[in-house]
Amino acid sequence: MGALLGKFGKALVGFPGGDNIGPRPIDQHIKGFRALGAIVEERDDAVSIYTSAAGLHGARIFFDIVSVGATINVLLAAVKAKGTTIIENAAKEPEIIDLATFLNNMGAQIRGAGTDIIRIKGVSNLKAQNTHTIIPDRIEAGTYLSFAAANGEGVLVKNVITEHLEPFIAKLIEMGVYLEVNEDSIYVEGGHNLTPVTIKTAPFPGFATDLQQPITPLLLKANGCSRVIDTLYPERIKHIPELKKMGVKINSQNGVISINHSANLIGASVEASEIRAGVSLLGVGLMAKGTTIINHADNILRGYERIVDKLAGLSVKIKLVDEATVSTDQ
Ligand SMILES: CC(=O)N[C@H]1[C@@H](OP(=O)(O)OP(=O)(O)OC[C@H]2O[C@@H](n3ccc(=O)[nH]c3=O)[C@H](O)[C@@H]2O)O[C@H](CO)[C@@H](O)[C@@H]1O
Ligand SMILES: C=C(OP(=O)(O)O)C(=O)O
């Protein structure tokens, strides 16, 4: 919405879809657009947003909640607004710094990205001037580290900005996983005698909500009960009923997911209802006896480029049955 508003002055956008991980309010996005002078009308299933003839103007915006989406949306609109915008209580995720770098290379004037106060001096034009290489996907890297620590025999995950994974690496170390953290890669060995841990998700630099499901296969190996509290998306638990079909001892009660040591896992036919739930099923499928069939695997494939090839390269018996089904056979 922010990009369309900044570029065209108007947009009609269907209510945010994205993965079904519980309620995904956009009140902070709308508050930000309104502060910049946009008119926002909520319809039944869409948001209509437009500017008056005067266009967007700079504003001081304090977000009540730290939101990645709202920070990015307002940033995209404010780069072309008249005057200066100050975002307070901004999200600090590495992807926000990357976006600011990309926009600044096109002539935007953004300062403070990566801190909780971002200042944006509006410019009239943005022009592509340089090639921009986007940062490596820290969630993808964390997922492979979890799978490798749970089940691997020494795996090197390359192209990692290790600083972006600090809270995740800290948990692996707390569990007793052996890791070698290099400048831009991490070597991990399959873990034994692992300690259970408690994980609480939080905005960066906290433990990412997107990694609480992918770390589940590893938590099954710990000697005892681990706990996960997803403070950002407490209803992000669609993996639980599917994992139970595979023999995983996992439950959720009062916002706390309990994951017990689970051995004797068995392959099953399961549903990937969203990306990270789906990938956690895949991780457990690698540890389960027999065949696991993952339906709706397109939910996984949209965010894990060539995952089937990458795992097959590690001697995993895995195949894409059709564009929405993956099977693994151990
Ligand atoms: C801080 C954080 O970990 N953000 C994650 C979040 O970003 P995403 O942008 O989806 O979520 P936000 O960072 O915006 O949301 C953080 C929290 O704020 C709430 N909220 C958000 C916007 C709003 O207008 N009102 C409101 O109440 C959300 O319900 C949530 O509890 O999910 C993405 C997809 O899984 C991840 O890639 C992001 O890393
Ligand atoms: C929930 C996710 O993505 P989206 O915000 O696109 O739904 C995710 O990447 O884990």
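Me: Two residues are in contact if their C-beta atoms, placed from the backbone, lie within 7 Å. Leaving aside its neighbours within four places in sequence, which residues is Ile 240 in contact with?

Reply: This is a predicted model, in which local features need pLDDT of at least 70, side-chain atom pairs count only at pLDDT 80 or more, and totals for chains, interfaces and linings use all residues. Residues are numbered from 1 along each chain as its sequence is written, while chains are lettered from A and ligands numbered from 1 in the order in which they are written. Once neighbours within four places in sequence are set aside, its contacts are Ile 250 and Ser 252.

Me: How far apart in space are Ile 240 and Asn 251?

Reply: In sequence, eleven residues separate Ile 240 from Asn 251. From C-alpha to C-alpha, the distance in space is 6.8 Å.

Me: How many other C-beta atoms lie within 10 Å of that of Ile 240?

Reply: A residue is buried with 20 or more other C-beta atoms within 10 Å of its own, exposed with 12 or fewer, and partly exposed in between. Ile 240 is partly exposed because its count of other C-beta atoms is 18.

Me: How many of the residues of helix α3 are buried?

Reply: Helix α3 takes in residues 68–78. Its buried residues include Ala 70, Ile 72, Val 74 and Leu 76.

Me: What share of the whole protein chain is buried?

Reply: The protein chain has eleven helices and 18 strands, and its C-alpha trace spans about 65 × 45 × 40 Å along the principal axes. For contacts with a separation of 6 or more, residues 24 or more positions apart account for 64%. Of the 330 residues in the protein chain, the buried share is 42%.

Me: How far apart are the centres of domain 1 and domain 2?

Reply: The domain assignment, which is automatic or from a database, gives domain 1 as 2–121 and domain 2 as 138–329. Nine residues of domain 1 and eleven residues of domain 2 take part in the contact between them. Taken over C-alpha atoms, the separation of the two centres is 32 Å.

Me: Which elements give two or more residues to the shell around ligand 1?

Reply: A residue counts as near a molecule if its C-beta atom, placed from the backbone, lies within 6 Å of it. There are 19 residues around ligand 1, and those that come nearest are Gln 28, Ser 67, Val 68, Gly 69 and Pro 203. The elements that give two or more residues to this shell are α2 (27–35) and α3.

Me: Which domains does ligand 1 lie between?

Reply: The shell around ligand 1 draws residues from 2–121 and also from 138–329. Both parts contribute, so ligand 1 lies between domain 1 and domain 2.

Me: And which domains give residues to the shell around ligand 2?

Reply: Around ligand 2 are Gly 18, Asp 19, Ile 21, Asp 210, Ile 275, Arg 276 and Gly 303. Ligand 2 lies between two domains, because its shell has residues from both domain 1 and domain 2.

Note on methods:
Helices (H or I, at least four residues) and strands (E, at least two) are DSSP runs, numbered from the N terminus.
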